[in-house]
Amino acid sequence: MTYSDRFAKIADPTVMNLLKHTETPNLISFAGGTPNPEALPLNLIKEALSIIEPNPQYTPTQGILSLRETLAKMYSVTPESILITSGSQQALDLVGRVFINPGDKMYVTNPTYFAALYAFNAYGSKYVSDLESANTVYVIPNFGNPTGETMDLTARKQFSQSNKLILEDDPYGQLYFDAKPPQSIYSLNSDKTIYLTSLSKIVGSALRIGIVIGKPETIEALTRAKTGMDLCTSGLLQQISNYVLSHPDYPNYLNAARSYYKNKCQTMLSALTKYMPKEASWTSPAGGMFIWMTLPESIDTQELYYKALEQNIAFVPGYIFQPFGGKSSSLRLSFALPTSEQINTGTEKLAKLIC
Ligand SMILES: Cc1ncc(COP(=O)(O)O)c(C=O)c1O
């Protein structure tokens, strides 16, 4: 087989191979960005499956109107400003298709979400760390992947005034522990911003429901590009999603998920303080699922990853998230999936490998 020139740029196989190991039984996984089933509205999904009248047909490419209407109320926009995608991962690809020309410069943070880079790579994007020279911006302002950090309002205002096309990726924003994060960049400049969110972390990643909010003209262009990808996102899954989101009990589930992750995060932060050497430092997120830990520069976390796997512990090594390549002494720890006991034993074992 002869692969296209593009193929080599779109998916580094080392990442795929690395993440394959995370399915080993008995593994304590701090690796995935997977929500915990205990924090998802599973009862509402079951109820939806027994109550909704399933539509087995193709549905409009932009998404079913009932779901777009529900979301329009939640986000105070019109249904015309919303596109439903097959996960927000598809939305990242769509934005690349519609807005990126080969060689265009995109501002990204270092580190950033690696699968977004894979999506943009297919369209020949180049990455830069200075805003001035960029054509477009990709940021994850709320409880970001991988750092768990939140962008402050001043930085949001600066981006919103930059006159660049901004892609604001926000799958974790609803999972704040105490206070809501600052207002979105989209709310500061809806003309220049495309806002992405997802039901993956709050309703279920199996639904594969991504949500794009932008001006109607942008939504129309993205919808046209989506037609060539999959015609439409599963209407059935959109019906289920709409049932869950419009259910009067849904806000209670979301509140419970916030407390659930706050608790898990606290457990991990306490374990890190107890077991990690004093040279290690880490972020203290105000929401989401991730803590980003940085070790002394002499430690390559890709090597540490294989040592940890031998002890049945997984995390994601930092080099994966680096848009400009190179080794990394940082790593991403997710507190979402493991039990509190696993967080404690896993952190203690990991610390022993580092000390
Ligand atoms: C920052 C970020 N963007 C996008 C996605 C993709 O999410 P989805 O499941 O909606 O495709 C993820 C998933 O982990 C993510 O962390």
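These legends walk you through a few close-up views of a predicted model.

**View 1. Finding lysine 201.** Start with the loop that runs between strands β7 (193-198) and β8 (209-213), where lysine 201 has its place. Leaving aside its neighbours within four places in sequence, lysine 201 is in contact with Gly33, Pro35, Leu40, Pro171, Tyr172, Leu175 and Met289.

**View 2. A buried lysine without a salt bridge.** Lysine 201 is buried, yet no salt bridge is found for its side chain. The nearest side chain of opposite charge belongs to aspartate 169, and that one is 9.4 Å away. A salt bridge calls for a distance within 4 Å. What lysine 201 does have is a polar contact of 3.3 Å, joining its side chain to that of tyrosine 172.

**View 3. The residues around the ligand.** Here you meet the 13 residues that surround the ligand. Ser88, Asp169, Tyr172, Ser198 and Ser200 are the closest. Helix α5 (residues 87-99) gives the most to this shell, with three residues.

**View 4. Polar atoms facing the ligand.** Aspartate 169 places a polar side-chain atom 2.6 Å from a nitrogen atom of the ligand. For asparagine 145, a polar side-chain atom lies 2.8 Å from an oxygen atom of the ligand. Lysine 201, the residue from the loop between β7 and β8, has a side-chain N or O atom 2.8 Å from an oxygen atom of the ligand. Taken alone, the ligand exposes 390 Å², and the protein buries 92% of that.

Notes. Residues numbered from 1 in each chain as written. Predicted model: local features only at pLDDT ≥ 70, side-chain atom pairs only at ≥ 80, totals over all residues. Heavy atoms only, no water. Helix = DSSP H or I, 4+ residues; strand = E, 2+ residues; numbered from the N terminus. Buried < 20%, exposed > 50% of the residue type's maximum accessible area, 1.4 Å probe, protein only. Lys, Arg positive; Asp, Glu negative; His and termini not counted. Polar contact = N/O pair within 3.5 Å; in protein donor to acceptor, adjacent residues only side chain to side chain. Contact = heavy atoms within 4.5 Å. Near = heavy atom within 4 Å. Areas by Shrake-Rupley, 256 points an atom, 1.4 Å probe, with all protein chains shown as cover.
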